[in-house]
Amino acid sequence: MGNTTSMQKGLNSTPTSSSSPASGDGIKSIPTTGVFKAVNFELYVKPNLAVMTFGVVAILCSTAYLAYMKSQQHESKTYIAVAEDGTKHVFHKKSRWE
């Protein structure tokens with residue numbers, strides 16, 4: 001009977017290896033370089049609500065600013081023309097009817 005207890009101990013105790021990936025590690029378990037981790041840091045950090053909110057607000061503000069600049073350009077009554085010698089001239093937009 002002493003033999004069965006040693007067998008049960010062998011079945012219950014599982015050897016753990018630090019090099020084997022744990023369940024749910026995903027891309028973290030793949031050996032990569034430091035450059036890859038620096039460029040793709042979002043793959044290796046835990047999601048953070050504050051940083052995510054800041055990023056979304058920054059992207060929305062950038063998009064809104066670009067849309068504003070585009071609308072101001074269309075509303076403007078001037079345009080810039082570049083001459084053959086490389087000089088820039090500002091002209092007022094005219095209708096062909098004028």
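The model is predicted.

**The whole chain**

Begin with the complete protein, displayed as a cartoon. The view contains 3 helices and 2 strands, and from the N terminus their order is α-α-α-β-β. The accessible surface amounts to about 9,500 Å², and carbon and sulfur atoms contribute 64% of it. Among contacts between residues at least 6 apart in sequence, 0% connect residues at least 24 apart.

**Colour by confidence**

Next, colour the chain by pLDDT. The mean for the protein is 78, and 70% of the residues reach 70 or more. Select residues 2–12, which form helix α1: among the elements, this helix has the lowest mean pLDDT, 51. Then select residues 49–75, helix α3, whose mean of 92 is the highest among the elements.

**Helix α3**

How far apart are the end C-alpha atoms of α3? They lie 39 Å apart; because 27 residues at 1.5 Å a residue should span 39 Å, the two values agree.

Now select Asn48, together with Ala50. Asn48 caps the N-terminal end of α3, with a side-chain oxygen 3.2 Å from the backbone nitrogen of Ala50.

**The hairpin**

Move on to residues 78–82, strand β1, and residues 88–92, strand β2. In which sense do β1 and β2 pair? The pairing is antiparallel and extends over 5 bridges. To follow it, select Thr78, whose bridge partner in β2 is His92. Then select Tyr79, which stands opposite Phe91 of β2.

Between the strands of this hairpin there are 5 residues; select Gly86, which takes a positive phi near 95 degrees.

Definitions and conventions
Residues numbered from 1 in each chain as written. Predicted model: local features only at pLDDT ≥ 70, side-chain atom pairs only at ≥ 80, totals over all residues. Heavy atoms only, no water. Pairing = 2+ DSSP bridges. Helix = DSSP H or I, 4+ residues; strand = E, 2+ residues; numbered from the N terminus. pLDDT = per-residue confidence, 0-100. Contact = heavy atoms within 4.5 Å. Areas by Shrake-Rupley, 256 points an atom, 1.4 Å probe, with all protein chains shown as cover. Expected span 1.5 Å × (residues − 1). Polar contact = N/O pair within 3.5 Å; in protein donor to acceptor, adjacent residues only side chain to side chain.
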